[in-house]
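Please keep the sequence and the model at hand while reading.

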Amino acid sequence: MKYSLLLLFTLFSLVVLSQSTPPIVIQTKNTSLVFTIGKNHRVYQSYLGARLANTAYDHISGGQEAYMTAGMENLFEPAIRLVHADGNPSLELTYATHTTNQKDNVTTTRIVLKDSVYPVEVTLQYTAYFNEDVITASATIQHHEKKPVRLTHYASTLLHFSADNYWLTQFHGEWAREAQMVEEKLTNGIKNIESKLGTRADYYQTPAFFLSLNNPATETSGELIAGTLAWTGNFQFTFEVDQRNQLRVRPGINPYASDYTLKPGELFTTPDFIFTYSSQGKGEASRNLHRWARNYAVLDGNGPRLTLLNNWEATYFNFNEDKLTDLFDGAKQLGVDMFLLDDGWFGNAFPRDNDKAGLGDWQENKTKLPHGIGHLVSEADRKGIKFGIWLEPEMVNPKSELYQKHPDWILRLPNRAENLSRNQLVLDLTNPVVQNFVFGIVDSLLTKNPGIAYIKWDCNRPMSNTYSPYLKENQSHLFIEYTRSFYKVLDRIRAKYPHLPIMLCSGGGGRTDFGALKYFTEFWPSDNTDGLERVFIQWGYSYFFPANTIAAHITSMGKGQSLKFRTDVAMSAKLGYDIRVNEMTLQELQFSQEAVKNYKQLSDVIWFGDLFRLISPYEENRSVLMYVNDKKSKAVLFNYNLTTRRKDLFTRVPLQGLDPKKNYRFHETNLFPGTKANNPDNDKVFTGEYLMTIGLNLAPGRALALTSNIFEITEE
Ligand code: DGJ
């Protein structure tokens, strides 16, 4: 009966479709993505590229199938592979209907596809952010078969390209050398950029890429898409260049070890794939993503951020109440907004005096903090600074009371030796009781200490030897359920504490995605705070993430680098300190106090302005970047001379993003006490046109290695 109704519906659709459904157009200010419906009723991606005039759409047809299935005639990587309840592995998706809803700047299009033989439905959802030129794409899969079906592939979308050549830029790394950029030409076959690490998923790969068409794109020229996935877990971007040189890009959750058993009526919704198309190079793509991120993706993306002093590198685990309250004075002296207490404050039966014990026991250590966190919060308040605290709530050390009390709350194989990483294991967050526990850690801390102004949420190991006692025979759901459970906990935290700033920290670089940033105000890009290394690491992240999300702390790392250089590097992102203030010389302290003041005065431009990367550290032994505010009335330029050699003759640098007709004063700021600006153009006034065409010499004389300048460029 059900099937004959389906047949009737299909016949009806055929009649409607024979009157030819007009193309389905998804567009932003500068981009069009067009789908058409073929004679066979399948949906095709007929165009993706620079925005077309409305009249052009009538002539578009053909192309590649929008969401290719498996088990039928398709011989390439499918977007979806579904094994029906009867074991049949085929799927054919044809057009059923579509809707478009516009709300101001945001238009959502849903295309519903159905199989004519099995009651399976897939909805492709595209959300277009008009002004930001960003499109997000996801898919929702459901069915009404009698028994569950098995999903083995479930991409967020599938994008097709046809060009002579394809150039892929990826951002790979590991601990302390994150987001290193590599570009290569794609050859025929398959290239995957992916993670199988579960927690700390982005340890080796940032979930983001550029794909340039025909030629490698530069900052200011070339056609490309920039893509990233809103998923805090295993991801996969598959690039398949076929025998005819057509490219399919398949982004989504990594289906590795993750067959999903979908019950009748249950919805399986993929994470959003976020992309922007640019015909003017990588710089424009970044600016699009930054604007979108601030407006729609990052918690309080357009809000201010707190400057801070963290005690991790100053004390590691070795502190007590007095030492901490002394450090408050350091924060106060620097003029930062907050003191952040890091790891080591908890655990009694198993004190957290090193990374071997105590994780999971979230009670103040009575020896180190006899008067508890409450005392620290009020001391900080008395001294006129805010107080923030470190947590790593998803983890447990075997040496802990938590481990002893709740062995069944831990992800580990029942019949094999534990596989520790940083001496710890991951809690089974798929278990709702564990979700309550994790929520409770945050909630009770904030309930007892409403003065806590900030949290640093750490996550220091990936998943290995993973098995969930809670999921039992459904182990292939573990990776997916873990991430969903992480979001469930964060949803509860955000429902109660909507605006509390929280840093997404995962040992540096382990969690860097827009799925999580919906709940977090910033992330910790790397434990490597050496200024020279940070120039590269922050450069990598700057392609996808706005400056107010990239936490950059000044520490004592960076041999041979002046405090001035390290400070100038941190000031180009979200400034913080992790340093022994009492060991600073008087001049260093004076410089840092001024730097914090300068930063506060410039941070609106850095956080909310447009970023222009002028000289890449990958191309020259220097790096130059600038931020320009919306009105083009103020810009901040950062100039870093790296490992310079005699052969490095630095040419003039044409600036970008200014108004050619305006006059601007060029002024060096953030000078070290006792030094003077040595640029002959300092404090001169230039037209925007001059600055952008002729440019400025930023290294008069021979540039010295590991020196830097910050210039304010202000409309007169
Ligand atoms: C890793 C983080 O990246 C560090 O900043 C610090 O918080 C340590 N964890 C503490 O264990």
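## Loops between strands

Asn105 sits in the loop that links strand S6 (94–103) to strand S7 (106–114). The structure described here is a predicted model. With a relative accessible area of 13%, Asn105 is buried. Its side chain makes a polar contact of 2.7 Å with the side chain of Glu132. Beyond its neighbours within four places in sequence, Asn105 is in contact with Ala128, Tyr129, Phe130, Asn131, Glu132 and Tyr296.

Asp133 belongs to the loop between strand S8 (120–129) and strand S9 (134–143). Asp133 has a positive phi of about 60°, although it is not a glycine, and its relative accessible area of 4% makes it buried. Asn245 is placed in the loop between strand S17 (235–241) and strand S18 (246–253). Asn245 is likewise not a glycine, yet it has a positive phi of about 65°. Asn245 is partly exposed, with a relative accessible area of 25%.

Is Glu394 buried or exposed? Glu394 counts as buried, its relative accessibility being 0%. This residue is found in the loop between strand S24 (386–391) and strand S25 (395–396).

The side chains of Glu394 and Tyr482 are joined by a polar contact of 2.8 Å. Leaving out residues up to four places away in sequence, Glu394 touches Thr199, Leu425, Val426, Leu427, Leu429, Trp457, Asp458, Cys459, Tyr482, Phe486 and Arg511. Asp458, one of these contacts of Glu394, is also among the residues that come nearest to the ligand.

## The ligand site

Which residues come nearest to the ligand? Of the 13 residues around the ligand, these are Asp342, Asp343, Lys456, Asp458 and Asp527. Sorted by class, the shell comprises 4 nonpolar, 3 polar and 6 charged residues.

For Lys456, a polar side-chain atom lies 2.8 Å from an oxygen atom of the ligand. For Trp524, a polar side-chain atom is 3.3 Å from an oxygen atom of the ligand. The ligand taken alone exposes 290 Å², and the protein buries 98% of that.

## Nonpolar cores

In soluble globular proteins, nonpolar side chains tend to be buried together. In this model, the largest nonpolar core has 189 residues. Leu341, Trp345, Phe387 and Trp457 have the most contacts inside that core. Phe387 touches Phe328, Met338, Phe339, Leu341, Ile373, Leu376, Val377, Ala380, Gly451, Ile452, Ala453 and Tyr454, with residues up to four places away in sequence not counted. A second, separate core contains 19 residues, among them Phe612, Val653, Phe711 and Ile713.

## Buried helix and strand positions

Helix H11 (residues 563–570) is largely enclosed by the rest of the structure, because 8 of its 8 residues are buried. The buried residues of H11 are Leu563, Lys564, Phe565, Arg566, Thr567, Asp568, Val569 and Ala570.

Glu379 lies in another helix, H5 (residues 372–382). At 14% relative accessibility, Glu379 counts as buried, since the limit for that class is under 20%. Apart from its neighbours within four places in sequence, Glu379 is in contact with Thr325 and Phe328. The C-alpha atoms of Glu379 and Leu324 are separated by 9.9 Å, while the two residues are 55 residues apart along the chain.

Leu611 is located in strand S32 (residues 610–615). Its relative accessible area is 3%, so Leu611 is buried.

Along the chain, Leu611 and Ser286 are 325 residues apart, and their C-alpha atoms are separated by 7.8 Å. Which residues does Leu611 touch, not counting residues up to four places away in sequence? They are Arg287, His290, Ser542, Leu625, Met626 and Tyr627.

How values were computed
Residues are numbered from 1 along each chain as its sequence is written. This is a predicted model: local features need pLDDT of at least 70, side-chain atom pairs count only at pLDDT 80 or more; totals for chains, interfaces and linings use all residues. Side-chain values use heavy atoms; hydrogens and water are left out. A residue is near a molecule or strand if one of its heavy atoms lies within 4 Å of it. A polar contact is a pair of N or O atoms within 3.5 Å; within protein, one must be able to donate a hydrogen and the other to accept it, and residues adjacent in sequence count only if both atoms are side-chain atoms. Accessible areas come from the Shrake-Rupley method with a 1.4 Å probe; for residues, only the protein chains shown count as cover. Ala, Val, Leu, Ile, Met, Phe, Trp, Tyr, Cys and Pro count as nonpolar, Asp, Glu, Lys and Arg as charged, and the others, Gly among them, as polar. A nonpolar core is a set of buried Ala, Val, Leu, Ile, Met, Phe, Trp, Tyr and Cys residues joined through side-chain atoms within 4.5 Å. Buried means under 20% relative accessible area, exposed over 50%, partly exposed in between (1.4 Å probe, protein chains only). Contact means heavy atoms within 4.5 Å. Helices (H or I, at least four residues) and strands (E, at least two) are DSSP runs, numbered from the N terminus.
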